[in-house]
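This report describes one protein chain from its coordinates. The sequence and structure come first, followed by the surface, the fold and selected residues.

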Amino acid sequence: MVNQLLELLTQGTNLSPAGFLVLCGVSFLGSLIAGALGLGGGVLVLATMANLLSPTVLVPIHGVVQLASNLSRAVLSWRQTLISIVAPFLIGSIIGAALGAQVVVALPKYLLQIVIAAFILSSTWAPKFQSASTGRIKFFIVGVVTTIVTMFVGGTGVLVGAFGAPACQERHQFVSTHSVVMTIQHGLKIVSFAVLGFAFGPYIPLLVGLVLCSFIGSYAGKLALNRLPERIFRIALKTILTILSLQLLYTAVSQLIA
């Protein structure tokens, strides 16, 4: 009975029942990690999906799951959002989505990954690169650039987080603000794919399962965040940023020498 239900849910997706369950579990775990630390879970989900879904559907399906994950965190913690950076980020993201891939279409993906990784490492560990500024122009530019880049790299939460973390005074504010701006970015990305004609229909049962699991994971992550001391949170956040940056560099170098 269970196998028949799973086969029905995955019909038309070329995904096995086991793959469906794996993605649901990773969706929960990714939202839990992001709910506790603000970021990091999306990359885990993206890496898992890359092994189970075809490249043509990977980015739009990942975008829907990340939209649900970030939206659920945003709803749970909206009172702590740093509103001053949301409006300029939204305007910048709209422009970035309109420009799309045309601006950087000639750049190799590995070059983008190297640049992003280098910037994240420098902004995380070099004091002179860290800025607590919440200036509108700064986050307008962040919105434009990261929304364009997300069409190539997939998840840009780490890049956005490198700007947002220094601007937020405490962990709840960072998690909430990061969730809101990433909800904006993933939402615009999904609209762009829909306009381009991507057919989400066959993946609706899969997406329902992944979205439900991400909601549960976000709630569990919020409970973990409430118990996490601020100092430990900042250390964990820097560690996650560093690990994901090094992973980007490794991926880029692997592509370069392949």
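## Surface

What does the accessible surface of the chain come to, and what share of it belongs to carbon and sulfur atoms? The accessible surface is about 12200 Å², and carbon and sulfur atoms hold 72% of it. Accessible areas come from the Shrake-Rupley method with a 1.4 Å probe, and for residues only the protein chains shown count as cover.

The model is predicted: local features need pLDDT of at least 70, side-chain atom pairs count only at pLDDT 80 or more, and totals for chains, interfaces and linings use all residues. Residues are numbered from 1 along each chain as its sequence is written, and side-chain values use heavy atoms, with hydrogens and water left out.

## Fold

The chain has 11 helices and zero strands, where helices (H or I, at least four residues) and strands (E, at least two) are DSSP runs numbered from the N terminus. Of its 258 residues, 50% count as buried; buried means under 20% relative accessible area, exposed over 50%, and partly exposed in between (1.4 Å probe, protein chains only). Contacts are heavy atoms within 4.5 Å. Among contacts between residues at least 6 apart in sequence, 82% join residues at least 24 apart.

## Helix α11

Helix α11 covers residues 230–257, and its 28 residues should span 40 Å at 1.5 Å a residue. The expected span is 1.5 Å times one less than the number of residues. The end C-alpha atoms of α11 are 41 Å apart, which agrees. Buried residues of α11 include Phe 233, Leu 237, Leu 241, Leu 244 and Leu 248. An α-helix has 3.6 residues a turn, so residues three or four places apart point the same way.

Ala 68 lies in helix α4 (residues 55–77) and is buried, at 7% relative accessible area. Ala 68 touches Val 211, Ser 214 and Phe 215, leaving aside residues up to four places away in sequence. Its C-alpha atom is 8.8 Å from that of Leu 210, 142 residues away along the chain.

Leu 212 belongs to helix α10 (residues 204–227) and is partly exposed, with a relative accessible area of 49%. Together with Ile 204, Val 208 and Phe 215, Leu 212 makes a nonpolar surface patch of about 360 Å².

## Cysteines

A search of the whole structure finds zero disulfides, a disulfide being a pair of cysteine sulfur atoms within 2.5 Å. Cys 24 is in no disulfide. The sulfur of Cys 213 is 4.2 Å from the closest cysteine sulfur, in Cys 24, too far for a bond. Cys 24 counts as buried, at 9% relative accessibility.

How values were computed: Patch = residues over 30% accessible without salt bridge, like charges linked within 9 Å, V, L, I, M, F, W, Y side chains within 5 Å. Salt bridge = Lys/Arg side-chain N within 4 Å of Asp/Glu carboxyl O.
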